[in-house]
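This briefing is intended for a reader who has the sequence and the model at hand. Please view the structure below before reading on.

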Amino acid sequence: MSPELAALAVTAFIQLAAVIWSQRALEADIGHDGNLGTREGLDQRLSEHAKRLRRALANHTENIGLFITAVVLVEFTASNGWITGIAAWVFVAARALYLPAYAFGWVPWRSVIFMAGLVSCFVMIIASVF
């Protein structure tokens, strides 16, 4: 397995961790029965921490698509190399750090971490083009 595909697999586990962490916070605020319900009017019932975790999960979900695109391009064009491997693992590290950075309000580090992940995706995409 290439480093880029391995990084993609680890990213899936980060997604799972984000879902579990977000759901646990949600359930802590509204209880098991509330979690099974329609969730209407949910934002008024959630703590700031649970809201942050839900936004972090949404952000992570939004950014996985770009990383998948980068990995697919690198794999299909056989552009794998040490630069794309490092970039893939920078993305993984950035996403793993982004979740607690968002959850605990690490300003300005959250934005720095986000940019590291974003730039790493475009490094991979550019490498696949040339």
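Which residues line the largest cavity? In this predicted model, the lining consists of Asn63, Leu66, Phe91, Arg95, Phe114, Gly117, Leu118 and Cys121.

**The cavity**
- The count of cavities of 30 Å³ or more comes to one, and the largest cavity has a volume of about 30 Å³.
- Helices H3, H4 and H5 (109–129) each contribute at least two residues to the lining.
- H5 supplies the largest share of the lining, namely four residues.

**The salt bridge**
- Side chains of opposite charge can pair when their charged atoms come close.
- One salt bridge is found in a search of the whole structure; it joins the side chains of Lys51 and Glu48, at 3.5 Å from N to O.
- Both Lys51 and Glu48 belong to helix H3 (residues 48–76), where they are three residues apart, about one turn of the helix.
- Lys51 is partly exposed because its relative accessible area is 21%, and the limit for a buried residue is under 20%.

**Helix H4**
- The 22 residues of H4 should span 32 Å at 1.5 Å a residue, which agrees with the 32 Å between its end C-alpha atoms.
- Ala96 is located in H4 (residues 82–103) and is partly exposed, with a relative accessible area of 38%.
- Although Ala96 and Thr11 are 85 residues apart along the chain, their C-alpha atoms are separated by 8.3 Å.
- After H4 comes Gly105, which has a positive phi, near 65 degrees.

Technical notes
Residues are numbered from 1 along each chain as its sequence is written. This is a predicted model: local features need pLDDT of at least 70, side-chain atom pairs count only at pLDDT 80 or more; totals for chains, interfaces and linings use all residues. Side-chain values use heavy atoms; hydrogens and water are left out. Buried means under 20% relative accessible area, exposed over 50%, partly exposed in between (1.4 Å probe, protein chains only). A salt bridge is a side-chain nitrogen of Lys or Arg within 4 Å of a carboxyl oxygen of Asp or Glu. The expected span of a helix is 1.5 Å times one less than its number of residues. On a 1 Å grid over the protein atoms alone, a cavity is a set of points where a 1.4 Å probe fits but cannot get out, and a pocket is an open set with protein on both sides within 12 Å along at least five of seven lines; lining residues have an atom within 4 Å of a point. Grid points are joined across faces, edges and corners, and a volume is the space filled by probe spheres set on the points.
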